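Reader: Got a complex open on my screen. Can you walk me through the fold?
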Amino acid sequence: MDVNQYLEMFIEESKEHLQSCSEQLLALEKNPEDLTIVGEIFRSAHTLKGMSATMGFEDLANLTHKMENVLDAIRNEKIGVTPEILDVVFESVDHLEEMVMDIAAGGDGKRDVESTVALLKQIESGEEAVVAPVVSEAPAETGAPADTTLAYDDYEKTIIMQSFEQAFKAYEISVTLRDDCLLKAARVIMVFQVLEKEGEIVKTSPTIEELEEEKFDSTFHVAFLTQENVEDLQAKIMKVSEVATADITELTEASFATKEPAPPVEEKVEPAKAQAPAKQESKPAKKAQKASAMVGSKTIRVNIERLDILMNLFEELVIDRGRLQSISTEVNHNELNETVERMSRVMGDLQNIILTMRMVPVETVFNRFPKMIRQLSRELNKKINLEIIGAETELDRTVIDEIGDPLVHLIRNSVDHGIESPEARIAKGKPAEGTVVLRAYHSGNHVFIEIEDDGAGINKEKVLAKALAKGVVSQETADAMTDKQINELILASGFSTADQISDVSGRGVGLDVVKTTIESLGGNISIDSIQDSGSIFSIQLPLTLSIISVMLVEIEQEIYAIPLSSIIETSIIKKEEILSAHNQKVINYRGTVVPLVFLEEIFEVPRTAPASDEFHSVVVVRKGEKLAGLVVDSFIGQQEIVLKSLGDYLTNIFAISGATILGNGKVALIVDCNALIK
Amino acid sequence: MSTVTEQESMKVIVFQLEDKEYAIPVSRVQGIERLMHITRVPKTPNYVKGVINLRGVVTPIIDLRERFSLPASDNQDSTRIIIVSIKDTEVGFIVDSANDVVDINMKSIEPQPEVVGTVEEEFISGVARLNNRLLILLQLEKVLVTLQQ
């Protein structure tokens, strides 16, 4: 079979399954008793195994198979969850990830995993030291046909127990479809229809959604309450076409009773965590979700390149729209104006849709951090709790692609330099476990990402001394610096404050790269820190990089574009309002002194006629909390423009961040306000 | 020129600056445009005239007269922009006129004579004789080099 055409899909889906494995493993670590989580991991691993075997990646399939065995054992409560076992499973997932990456890079996915496989086998075969005796009477090898093959939570158990009281019988039915069955989901539904006439389905494995999406091999299990007897039931199920076998085992009160010793352990833990009520409540909610999930959100996978092409074509349209608008104002024809106006409105909607299509939740970046933190905290012997807030916040894909590495740097920095060792924390009267909060939220046309830790904070004296020693600042500038400016010195290049260079961070190349990357994305980064109580690194990013709103201004014959996101206000001031302070012209803007920047001078615009001296047009712009007034000849108006780069030849032009093509076909330069405010 | 020595001849575009004729291999030329509106880019070397909108792509423009320190001249009807591609970037050169496509015999290319005129030595990769004409072959990478550093 030629599998190459499926390779891309295989890689994508494998990544997703591995990601979900990692996430669920982390959840399981926090909640070792919750066997439904194990089920989730098991299913992901199982699908992965099937896919990789089909694609012919045997090492991948083998390792997944071994891991699956261990998970199966955990799921069937043959072995308990311990940190040691989780470590091995995590290791396997790491190996699997490496393999998938290798395949994606064109390799064959082969990798030496013997030690991990050996460990997995050891766990599976039930090495005494690792295995916690959870099940009292579990027959070790037979797979326990008399026992329950499905894992039930408390809620389901209660339902089953209650039904016994009402003279219902509980069965576990294992239905196997024929191998050549084409419409598996349809058969499942037919089986369910048969069953629902006779009684009530309590639980299915895999879940109903997965069954409907055909995410199972050929066998599925159903827990069923009815008053029918086994033979009739079996006959009825077998009537459905393409059903190969239907094994029915009766559940007795005894088979639950023997399980009773396990739940009390759970109950002892739960009141402390106050999770039990939440858990119970979430059940009906989940059911409701199931229903709505079936109706809504159908998705298709689209190649990113196609979206890029769509975006490029749309950008062409935006330029033509600008051209049409300027023609229609010139011609001043009523019907033309109306048509152009209508077209502009539709294009506005279209633009929104295209832009949102390219939006990706930051989750795709954030979801690799829990595992990273877990590893780091082990390496550094620190206790760290990572909280993620606002993972659903959406950003343009181009920004998402770039933001991952800077965030890794910052988080490593917070964990390594920020959070202290547990002893040091206790000595300071803080809880031994440090907290790192990763927060994302929208504000206006920007997305903010904050990394907050409750660690040591920035030692300002140390930073300042180091900056002076390394020649990053001079003594005079240092004296005049605010606390915030001192904090931000750690972003300067060639700066590293850690006394010891550790493996995690502190090579002194990290943070200045972070700053450059973020600024190249049109964002900025600031630091707030209080010594001994923590730091906040705050990153501001534009929502999108390709189409922005600007204010067009004119200086002599030249047109420049100023991004609306930086503009606070435009105003026209009289000559007398301009004051002088230390050779710097300033104005009084709503009670604050704002320095003036004459764009004409900055951009060395050739003058043919002197500008009118009586009035000045000023655009007040902002960078963080600082303001500046850009003096121009006149305002033209607001417009949506497509951002274009100046190309590889013209790079690092002072105060110019890019170019755009105007409606008349001419190029206008985009002013980089951040460079104009020091 | 080293890359094309195996071939017998090569097609070049001939353009004029002052009173001399220069040549660029056709394979490097993306197009020849009439003069259009050029947007000045501030704080660039004086030979960078600015950028143009070349069918939706913002393309930098270099005035070869300024680059070769020739006296400036008024733009005329014959003035052209030759778009060349160098290492994946497209750049336009302003020239007095671009009038010819000719085949030059590889054997007729000689290293440049010691004294060739005002054009700086470093930009020239050789000189080709064609009947009674002298064509100066340009080393395109060198023309751009200062800014890229």
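Reader: Which strands does helix H7 (residues 184-198) of chain A lie across?
Author: H7 of chain A lies across S1, S2, S3 and S4 of chain A, at about 145° to S2(A). Helices (H or I, at least four residues) and strands (E, at least two) are DSSP runs, numbered from the N terminus. Axes are lines fitted to C-alpha atoms, for helices over the stretch in contact, and angles run from 0 to 180 degrees between N-to-C directions. Contact requires C-beta atoms, placed from the backbone, within 7 Å.

Reader: Where do the numbers and letters come from?
Author: Residues count from 1 along each chain as its sequence is written, while chains are lettered from A and ligands numbered from 1 in the order in which they are written. The model is predicted: local features need pLDDT of at least 70, side-chain atom pairs count only at pLDDT 80 or more, and totals for chains, interfaces and linings use all residues.

Reader: Back to chain A. What does helix H6 (residues 154-165) lie across?
Author: H6 of chain A lies across S1, S2, S3 and S4 of chain A, running at about 150° to S2(A).

Reader: What is the strand order in that open sheet of 4 strands?
Author: The order is S2-S3-S1-S4 (chain A), with antiparallel pairing. Pairing takes at least two DSSP bridges between two strands. Strand S2 (199-205) and strand S4 (243-251) of chain A are at the edges with a single partner strand each, so one side of each has no neighbour in the sheet. The twist averages 25° from one strand to the next.

Reader: How many bridges join S1 and S3 of chain A?
Author: S1 (residues 169-177) and S3 (residues 219-226) of chain A pair over 8 bridges, in the antiparallel sense. A:Tyr171 has A:Phe224 in S3(A) as its bridge partner.

Reader: Next, the open sheet of 5 strands. What's its order?
Author: S6-S8-S9-S11-S10 (chain A), with mixed pairing. Strand S6 (384-389) and strand S10 (524-530) of chain A stand at the edges. Neighbouring strands here are turned by 15° against each other on average, direction ignored.

Reader: Which strands does H17(A) touch?
Author: H17(A) packs on the sheet and touches S6, S8, S9 and S11 of chain A, its direction making about 20° with that of S9(A).

Reader: Where does H17(A) bend?
Author: At A:Ile403, by about 35°, with a proline, A:Pro406, following within four residues. The bend is the angle between axes fitted to the seven residues ending at a residue and the seven starting there.

Reader: What about the largest nonpolar core: which residues touch the most other members?
Author: Of its 72 residues, A:Tyr560, A:Ile562, A:Leu630, B:Ala23, B:Ile82 and B:Leu135 do. A nonpolar core is a set of buried Ala, Val, Leu, Ile, Met, Phe, Trp, Tyr and Cys residues joined through C-beta atoms within 7 Å. Strand S1 (residues 9-17) of chain B gives the largest share, 6 residues.

Reader: Is B:Ser73 buried or exposed?
Author: Exposed, because B:Ser73 has 12 C-beta neighbours inside 10 Å. The cut-offs are 20 or more other C-beta atoms within 10 Å for buried, 12 or fewer for exposed, partly exposed in between, with C-beta atoms placed from the backbone. B:Ser73 lies in the loop between helix H1 (64-67) and strand S6 (80-86) of chain B.

Reader: How many helices and strands in chain B?
Author: 2 helices and 11 strands. Buried residues are 32% of its 149 residues.

Terms used
Two residues are in contact if their C-beta atoms, placed from the backbone, lie within 7 Å.
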